[in-house]
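User: Could you walk me through how to read the packing in a structure like this one? I would like to start with the aromatic rings.

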Amino acid sequence: MSNPEPAEFSPPDAAAIAAQNDAFRRLACLGVSPDQPIQGRMHVTRSLMEAGDGFMADAVKATGEFETFEPENDPEGWHDFGAVTIRGETVFWKVDLYEADSDFRYGAEAPDNPETTMRVLTIMMAHDW
């Protein structure tokens, strides 16, 4: 009796995920419409909201414009994390990918499929991390 061959695992398409994450950030932060519908929402932390004097608006804009992805800060190539500096303060942003119908309980099974993936962009002060 032989063991069945394991099912082939094909990793998600990192370039597709990166393009979708970039398009979602531009939509959420800059109001730039994506080429295809992308589901998601943006959250900012309380300390970012309370920073005052337009700080949050500057942080959101810088997050939407971020393009400095390197192997050191983007090892999977998904464009799902970054850091920007606003008035000498470090602000982090992170995109998490969830299964669209899971009420944010489960990670996306096919993160490269925008029809079944819900993105959550969180923008926070580095000290909130």
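**Aromatic pairs, core and sheet**

Analyst: Happy to. A search of the whole structure finds 7 aromatic pairs. Rings of Phe, Tyr and Trp (its six-membered ring) pair if their centres lie within 6.5 Å; planes under 30 degrees apart count as stacked, over 60 as edge-to-face and the rest as tilted. This is a predicted model, where local features need pLDDT of at least 70, side-chain atom pairs count only at pLDDT 80 or more, and totals for chains, interfaces and linings use all residues. Residues are numbered from 1 along each chain as its sequence is written, and side-chain values use heavy atoms, with hydrogens and water left out.

User: How are the rings of Phe-69 and Trp-93 arranged?

Analyst: Their centres are 6.2 Å apart and their planes stand at 85°, so this pair is edge-to-face. Phe-69 sits in the loop between α3 and β2 and Trp-93 in strand β3, so the pair ties together parts 24 residues apart in sequence. Helices (H or I, at least four residues) and strands (E, at least two) are DSSP runs, numbered from the N terminus.

User: Is Trp-93 buried or exposed?

Analyst: Buried means under 20% relative accessible area, exposed over 50%, partly exposed in between (1.4 Å probe, protein chains only). Trp-93 is buried, at 0%, and Phe-69 is buried too, at 15%.

User: Which residues touch the most other members of the largest nonpolar core?

Analyst: In general, nonpolar side chains of soluble globular proteins tend to be buried together. A nonpolar core is a set of buried Ala, Val, Leu, Ile, Met, Phe, Trp, Tyr and Cys residues joined through side-chain atoms within 4.5 Å. Here the largest has 23 residues, and Leu-48, Ile-86, Val-91, Trp-93, Leu-121 and Ile-123 touch the most other members. At least two residues each come from α1 (14-30), α3 (55-65), β2 (81-86), β3 (89-99) and β4 (117-125).

User: What is the order of the strands in the sheet?

Analyst: Strands of a sheet pair through backbone hydrogen bonds, either parallel or antiparallel. Two strands count as paired if DSSP finds at least two bridges between them. This open sheet of 4 strands has the order β1-β4-β3-β2, with mixed pairing. β1 (39-44) and β2 stand at the edges with a single partner strand each, so one side of each is left without a neighbour in the sheet. β1 and β4 pair in the parallel sense over 6 bridges; Arg-41 has Val-120 in β4 as its bridge partner.
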